Every structure is written in C-alpha cells, then in structure tokens.
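This report looks at how a protein model is packed inside and where its chains meet. The sequence and structure come next.

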Amino acid sequence: MTHDPDVFSAFEGIVPGEERSTSSGRLAAAWPAVLAFLAVLVVWEGLTRALSVQQFILPKPSEIVRSFFATSGVIWGAGLRTLQEAIGGLFVGVVSGVAMALVTTRWIGLRSGLMPFAIAANSVPIVALAPIFNQWFSITSPISKVAVVAVVVFFPVMINTARGLLEVDDSEIELMRSFAASPRTVMLRIRIPRALPYFFSALKVASALSLIAAIVSEYFGGPQDVLGQYIVNRAQLFQFADAWAAIAVASILGIAMYGAILVLERVAMPWHVSFREPQSS
Amino acid sequence: MASAIEATAVGKVFGTDAGRVEALRDISLTIGNGEFVSLIGPSGCGKSTLLRLIGDLVQPSSGSLRVNGKDPGRSRLDRDYGMVFQQATLLDWRTVAKNVELPLEIMGGAGDATGRLATASEMLSLVQLGEFADHYPWQLSGGMQQRVAIARALAFRPSILLMDEPFGALDEMTREQMQQEVLRIWRETNTTVVFVTHSIPEAVFLSSRVVVMSPRPGRVASIVAVDLPHPRDVDTRESAAYFDKITEVREALRGRGVAEAAS
C-alpha cells in the first residue's frame with residue numbers, strides 16, 4: 001500500500017512546471033472538484049443504505065462524520081503526534097537529501113562513487129525496515145518512526161535535487177566561465193535557482209510519503225496514541241467508522257502539508273513559469 | 001595598432017566516440033585593437049570553435065594563441081571577454097537590471113549595490129532599454145532579450161566582445177535594427193568585436209574585415225577587407241559598394257566550393 005503509481009514516479013525523476021494557475025481561475029476550478037466530492041458522498045451514503053452494506057465492510061459517510069466529531073479530541077491528538085513524526089522525518093530526510101545532492105554535484109568523483117548506491121538503495125522497499133528501526137531506536141521512541149520517514153524521503157529528494165542541479169544549460173555555464181566565476185558561484189547563482197522547481201516537485205512527493213511512512217511504521221508497534229495504532233486498534237474492535245474518521249484526519253493533514261509546500265514554493269520562486277499571469281503581448 | 005588577438009598556426013582536434021575530428025587546421029589570424037571582424041563560413045567550418053578558442057572555452061590542440069599579449073586563459077581570468085551567444089541566456093529569476101549586474105556582482109567590480117545599479121542603468125540606456133530595468137526577461141521580445149545580453153556583456157567593460165551568431169534567432173527586421181545598434185555601440189565603446197555569423201550581408205554590413213572560412217577541416221579561405229565608410233546605415237545597405245562586397249564574400253565562399261568539387 002505504500003507505493004501508489006504517483007508516488008513511485010518520484011523515483012523516475014519529475015519534470016516540474018506543468019501545473020499553471022491564476023488566483024481567480026483556481027477558485028473557479030475548485031467547484032467541479034467540490035461537487036464531485038459531495039456527489040461521491042451522497043452516492044456512497046445512498047448505496048450503503050440501499051444495499052445494507054455491513055459497517056465492517058464500508059461504513060456510511062454519516063457514521064464516519066459522527067465518529068469524526070465524537071472522537072475529535074482523540075483522533076486529532078493522534079494525528080498531531082503522527083504529524084510530528086512525519087515532519088521530523090521529512091526535515092531530516094530533506095536536509096540530508098539536499099546536502100547529499102549538493103555534495104555529489106559539486107564533486108564529480110563523489111557522484112560516480114555514490115550515485116550507483118543511491119539508485120540501488122532507492123529500489124529497496126524501505127518501509128520494510130520499520131521493525132528493524134524499532135529495535136535500533138527503541139519501539140517506544142518516536143525517533144524510530146522519524147528514522148523510517150527520513151530514509152523513505154531521502155532518496156526522491158536527493159535524486160531529483162541532484163538532477164535539477166545538473167540540468168543547467170551549457171550556455172549558462174559558458175557565460176559564467178566568461179565571467180571567470182568560481183564553481184561555488186556557479187552553484188549559488190545558477191545551479192541552486194535552477195534546481196528549485198525540481199526540489200519542490202520532490203518535496204510534494206516527499207510530504208505524501210512522509211505521512212505514509214509514519215503511519216505504516218506505527219503499524220509495527222509502539223505508543224498507542226498515534227494514528228497508525230489507533231486505526232489498527234479500532235479496526236480490531238470492529239469500530240470501522242472510527243478507523244475511517246482517523247483516515248480522514250490523515251488525509252486532511254496530508255492535504256495541509258501539500259498546501260503549505262505550495263505556499264513555500266510560491267514564496268521561494270515567484271519567478272517560475274507556473275506562476276506567471278497570462279501576458280497580453 | 002596593437003593586436004588584440006594573434007593566432008599562429010592554431011589547430012583543434014576533437015576526440016569523439018566516432019574518432020578524431022579535425023575542427024580547425026593551421027589558423028593564422030591577427031585582429032587589431034578596436035577592429036570589428038566577422039567569421040563566416042558554412043556549418044562545420046569551425047567558426048564557432050575558433051571563437052571558443054579565443055574565449056578560452058576550449059583549448060587549442062596545436063599552434064599558439066595570444067589575446068592582449070597573454071594566454072587566453074589569463075585573459076579570461078582578467079575578464080577581458082564579454083560574450084554573447086545565440087540564446088540570450090538571461091536568468092528568469094532576475095530582473096533585466098539584475099541580469100546586467102550579474103557579472104559585476106561576481107567580479108566584485110563597480111563598488112556597492114548603488115554603483116552596480118548605476119552601471120547597469122548606463123548599459124541599459126546604451127542598448128536603449130532604460131525603461132525596462134525592472135522587467136523580467138520573459139516580458140521582453142527576443143530582440144530586447146538579446147540587447148540585455150549585450151548590455152550584460154559590456155557591463156564590466158571588457159576589451160573584447162565575442163559574439164556567436166547573436167542575431168541568428170531574430171527576424172529580419174529586428175536583425176537589421178540590432179546590427180545598427182551593435183555598430184553604434186562598437187563605435188561608442190571602442191571594443192574589439194569578433195562576430196560569428198552565417199549571413200553574408202550581416203558580415204559585410206558590420207565588419208572592418210570578413211574572415212571567410214572553409215570546412216573539413218576549418219581553414220581560413222580568404223580575408224575580405226570592407227572599407228565602407230562609417231556611420232553605416234540604411235543607405236549603406238542600398239549602395240553599390242555594399243553589393244560589390246557581398247558579391248566578393250559570396251565568391252570567396254563559393255571559390256572553395258569549386259576547388260572542392262575539382263579535387
């Protein structure tokens with residue numbers, strides 16, 4: 001369940017700058033999605049009632065909503081702790097991924113030495129390491145979850161950032177050479193700004209991965225007051241509406257992280273093609 | 001006149017996967033200070049390679065090359081070269097003024113931020129883009145972007161301007177306008193210009209001398225001196241002397257073709 005196709009595409013490398021939007025257009029564009037979402041809920045409610053679907057197969061949306069508000073203190077508390085693990089791991093993974101990308105781009109020898117291992121390690125299903133990390137970092141400590149998240153997030157961030165750092169026009173390099181610019185200057189003035197779109201594309205994928213990794217690593221045991229354990233426990237007690245309510249919290253947190261990254265992206269690179277207002281000329 | 005560029009028996013061989021490719025053979029050429037010299041020839045004649053050799057972007061395989069009496073590498077480190085390529089190569093995340101300031105920031109010249117901005121404004125008015133300082137590159141037309149690239153290349157007052165088909169991507173009207181601009185800037189700044197082009201009229205209109213090159217391997221076929229009076233303008237383009245020079249360059253280019261067909 002950890003690898004849906006979208007997430008997996010991160011490992012192939014992402015070409016950024018495909019989504020285009022304007023502020024007024026985005027609100028208008030949101031309506032069909034809202035309507036579709038409501039329609040799905042209505043059909044879901046109607047079908048589960050009409051076919052009397054058992055709640056352990058699929059609870060009614062109305063039951064999930066009731067549980068969502070009835071247990072809100074518990075599920076949001078659990079969500080917050082899971083979010084902390086996800087963000088902690090995301091931070092560690094992103095910082096080390098970017099550092100590794102910078103180092104391997106700056107020194108070609110390191111690149112040829114390390115990249116094959118990075119790419120090989122990339123195809124290891126890292127979540128499978130969760131039980132081992134529980135041993136290493138103590139099952140009761142959030143560090144064991146943070147570590148899983150960090151390792152999961154590291155590779156897409158590193159590989160995509162490195163790709164962005166290297167994807168620079170020859171003419172830009174020649175131009176900088178004509179200015180007798182040092183490699184450090186080329187890195188700061190050209191490579192890093194050029195890599196930003198790649199970095200943010202990777203970060204969007206990484207944020208989704210971070211929640212997945214945190215919740216999955218929680219399934220392997222640890223404190224009970226986190227989303228993963230809560231979902232497992234409620235499901236074992238046949239309280240499926242509660243489990244679904246917790247899943248809703250996880251989704252809301254994921255969307256919130258994605259939104260925060262969109263804002264950050266806009267602040268960091270307002271110049272990018274995807275943010276341009278349409279030109280009349 | 002002291003010579004800005006002196007090439008003696010320069011050769012360049014590229015080692016590729018397909019084997020060795022001889023790009024240039026036995027190039028000897030002297031370019032004087034303040035001269036405007038065009039390199040012209042068919043694709044594969046090595047004119048861009050010669051420009052890159054002068055600019056220390058590639059190294060010669062044989063012969064000797066001196067720029068301002070120095071090794072080209074030394075000249076590059078001394079920031080003797082301004083370069084303009086076919087693509088403007090402007091940075092999207094910088095305004096027009098900030099793009100022009102880029103070399104000054106890197107070189108630490110022109111004092112503080114105020115000094116840099118002053119130089120950038122001066123260069124932008126030189127290329128007649130004074131009002132566009134705060135625009136972003138993508139808000140400008142291709143011709144305007146290329147002017148920004150020229151302003152940037154001139155910002156640190158290099159003694160030599162190397163231009164590699166700078167107007168190749170522009171439409172004919174803009175192109176003629178830009179040629180006029182470049183001539184005016186050349187006369188105002190007294191910079192030595194080496195200009196690569198595959199357009200015969202462009203080479204004749206701009207240059208004091210046109211170096212005609214022949215391909216495989218690239219050699220200097222002949223050098224045509226263009227003594228049309230300055231300032232050159234629309235009238236120059238319609239003068240008989242101009243057409244005569246175009247014919248002379250065309251024949252120099254074709255002369256090679258005949259010789260090759262005969263061999």
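Which residues have the most contacts inside the largest nonpolar core? They are Ala151(B) and Val194(B), in a core of 77 residues. A nonpolar core is a set of buried Ala, Val, Leu, Ile, Met, Phe, Trp, Tyr and Cys residues joined through C-beta atoms within 7 Å; buried means that 20 or more other C-beta atoms lie within 10 Å of the residue's own, with C-beta atoms placed from the backbone.

This is a predicted model, in which local features need pLDDT of at least 70, side-chain atom pairs count only at pLDDT 80 or more, and totals for chains, interfaces and linings use all residues. Residues are numbered from 1 along each chain as its sequence is written, while chains are lettered from A and ligands numbered from 1 in the order in which they are written.

Ala151(B) touches Val100(B), Met123(B) and Leu124(B), among others (C-beta atoms within 7 Å). A second, separate core has 59 residues, including Trp244(A).

Chains A and B also touch: 15 residues of chain A are in contact with 17 residues of chain B. H8(A) supplies 6 residues of chain A's side, the largest share. That side divides by type as follows.

| Type | Residues of chain A |
|---|---|
| Nonpolar | 7 residues |
| Polar | 4 residues |

Nonpolar here means Ala, Val, Leu, Ile, Met, Phe, Trp, Tyr, Cys and Pro, charged means Asp, Glu, Lys and Arg, and the others, Gly among them, are polar.

Terms used. Buried ≥ 20, exposed ≤ 12 C-beta atoms within 10 Å, placed from the backbone. Contact = placed C-beta atoms within 7 Å. Helix = DSSP H or I, 4+ residues; strand = E, 2+ residues; numbered from the N terminus. Lists of a residue's contacts leave out its neighbours within four places in sequence.
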